[in-house]
Amino acid sequence: MPYIPRRGRPGLLGLAARTAVVTGTATAVSNGMATRRQSRAQAEYEQTQYELAQQQAVRAMSTPAPAAPVDLVAELQKLGDLKSQGLLSDAEFQAAKARLLS
């Protein structure tokens, strides 16, 4: 008997095959979209982390180092020595002393 192609609605096997193709295509598209979404989210996270690191570096560079504490007793002794050597007048000594103590 010769093969006669069937016309009209597909049979059960054809319907199952078409459903499998549609399902496979939908799954592939969905997975591709999820992968792209995840890649985009990862790139945004990395960009944010990079910008935060840059801001911290700028802050660290712009923050002045704390001034070394001044040893008041030693500085006053130096001023007293300069005055006793005659290198500072009374007015200069008093002004320098006032500057240190303020």
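A: Leucine 101 has its place in helix α3 of this predicted model. The residue counts as exposed because its relative accessibility is 53%, and the cut-off for that class is over 50%. Leucine 101 also takes part in a nonpolar surface patch, which it makes together with Val70 and Leu72. The area of this patch is about 270 Å².

Helix α3 itself covers residues 90-101. In the protein chain, confidence is lowest in this helix, where the mean pLDDT is 88. The highest value belongs to helix α1 (residues 12-62), at 91. For the protein chain, the mean pLDDT is 86, and 90% of the residues reach 70 or more.

The account now turns to lysine 83. Its side chain meets that of aspartate 90 in a salt bridge, with a distance of 3.0 Å from N to O. The charged end of lysine 83 also sits over the ring of phenylalanine 93, 5.0 Å from the centre of that ring.

In general, side chains of opposite charge can pair when their charged atoms come close. The whole structure holds two salt bridges. One joins lysine 83 to aspartate 90, as described above; another joins lysine 78 to glutamate 75, with the closest N and O atoms 3.5 Å apart. Both lysine 78 and glutamate 75 belong to helix α2 (residues 72-84). They are three residues apart, which is about one turn of the helix. Lysine 78 counts as partly exposed because its relative accessibility is 48%, and glutamate 75 falls into the class of partly exposed residues because its value is 28%.

Leucine 76 also lies in helix α2. With a relative accessible area of 29%, leucine 76 is therefore partly exposed. Along the chain, leucine 76 and lysine 97 are 21 residues apart, while 6.9 Å separates their C-alpha atoms.

Two further separations show how positions in sequence and in space may be set side by side. Lysine 78 and serine 30 stand 48 residues apart in sequence, and the distance in space from C-alpha to C-alpha is 80 Å. Alanine 17, which lies in helix α1, is 16 residues from methionine 33 along the chain, and their C-alpha atoms are separated by 24 Å. Alanine 17 is counted as partly exposed because its relative accessibility is 43%.

Conventions:
Residues are numbered from 1 along each chain as its sequence is written. Side-chain values use heavy atoms; hydrogens and water are left out. pLDDT is the predictor's confidence in each residue, from 0 to 100. Helices (H or I, at least four residues) and strands (E, at least two) are DSSP runs, numbered from the N terminus. A charge sits over a ring if NZ of Lys or CZ of Arg is within 6 Å of the ring centre and within 35 degrees of the ring normal. Patches are made of residues with over 30% relative accessible area and no salt bridge: like charges are joined within 9 Å, nonpolar side chains (Val, Leu, Ile, Met, Phe, Trp, Tyr) within 5 Å. Accessible areas come from the Shrake-Rupley method with a 1.4 Å probe; for residues, only the protein chains shown count as cover. A salt bridge is a side-chain nitrogen of Lys or Arg within 4 Å of a carboxyl oxygen of Asp or Glu. Buried means under 20% relative accessible area, exposed over 50%, partly exposed in between (1.4 Å probe, protein chains only).
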